[in-house]
Amino acid sequence: MADDPTPEQLAEQLASFDVEPFLVSMASTVASLAYAKLDAGDLSQAKKAIDALAALLPHVEGDLKGELQQALTTLQVAYVDAT
């Protein structure tokens, strides 16, 4: 189709994005997934999600970092309690 962007245009668009919102979104999604896995009793998947969140957090900046750090701490405690 004539309206479809070219690979070069897509690459330009991607290069223009700020990484921070994606990191925050990904960290929030992984935290939600970890909570869901803990609630479901799937401890191996919960641990994987918690570890992924812990790996992402050093790269997150801004207002939500504190909330995400608190979520990580809560998840870690809940995981220990569940095991």
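Biologist: Let's start with P21: does its relative accessibility make it count as buried, partly exposed or exposed?

Modeller: Bear in mind that this is a predicted model, where local features need pLDDT of at least 70, side-chain atom pairs count only at pLDDT 80 or more, and totals for chains, interfaces and linings use all residues. Residues are numbered from 1 along each chain as its sequence is written, and side-chain values use heavy atoms, with hydrogens and water left out. Buried means under 20% relative accessible area, exposed means over 50%, and partly exposed is what lies in between (1.4 Å probe, protein chains only). P21 comes out at 48%, so it counts as partly exposed.

Biologist: Which helix holds P21, and how far is its C-alpha atom from that of Y79?

Modeller: Helices here are DSSP runs (H or I, at least four residues), numbered from the N terminus. P21 has its place in helix α2. Along the chain, P21 and Y79 are 58 residues apart, and their C-alpha atoms are separated by 27 Å.

Biologist: How do α2 and α3 run relative to each other?

Modeller: Helix α2 covers residues 19-40 and helix α3 covers residues 43-56; their axes come within 8 Å and cross at roughly 155 degrees. Axes are lines fitted to C-alpha atoms, for helices over the stretch in contact, and the angles run from 0 to 180 degrees between N-to-C directions. Under 35 degrees counts as roughly parallel, over 145 as roughly antiparallel, 65 to 115 as roughly perpendicular, and the rest as oblique. That is why α2 and α3 are roughly antiparallel.

Biologist: And what is the handedness of that α2 and α3 crossing, left or right?

Modeller: A crossing is left-handed if the near helix is turned anticlockwise from the far one by less than a right angle, and right-handed if clockwise. The way α2 passes α3 is left-handed.

Biologist: How is α3 oriented against α4?

Modeller: Helix α4 spans residues 65-82, and α3 packs with it at an angle of about 150 degrees, axes 10 Å apart. That angle makes the two roughly antiparallel. As for the handedness of the crossing of α3 and α4, it's left-handed, and the orientation you asked for is roughly antiparallel.

Biologist: What about α2 against α4: parallel or antiparallel?

Modeller: The axes of α2 and α4 come within 11 Å and cross at roughly 20 degrees. That makes α2 and α4 roughly parallel. Their crossing is left-handed, and the answer on direction is roughly parallel.

Biologist: How many salt bridges does a search of the whole structure find?

Modeller: A salt bridge is a side-chain nitrogen of Lys or Arg within 4 Å of a carboxyl oxygen of Asp or Glu. One of them joins D42 and K37 at 3.9 Å, N to O; D42 is partly exposed at 27%, and K37 is partly exposed at 24%. The side chains of D51 and K47 also meet in a salt bridge. The search total is two.

Biologist: What is the N to O distance between D51 and K47?

Modeller: Both residues lie in helix α3, four residues apart, about one turn of the helix. D51 is partly exposed at 39%, and K47 is partly exposed at 36%. Their N to O distance is 2.8 Å.

Biologist: Which residues make the nonpolar surface patch of about 350 Å²?

Modeller: Patches take residues with over 30% relative accessible area and no salt bridge, joining like charges within 9 Å and nonpolar side chains (Val, Leu, Ile, Met, Phe, Trp, Tyr) within 5 Å. Areas come from the Shrake-Rupley method with a 1.4 Å probe, and for residues only the protein chains shown count as cover. One member sits in helix α1, residues 7-16, and is exposed at 62%. The patch is made by L14, F17 and F22.
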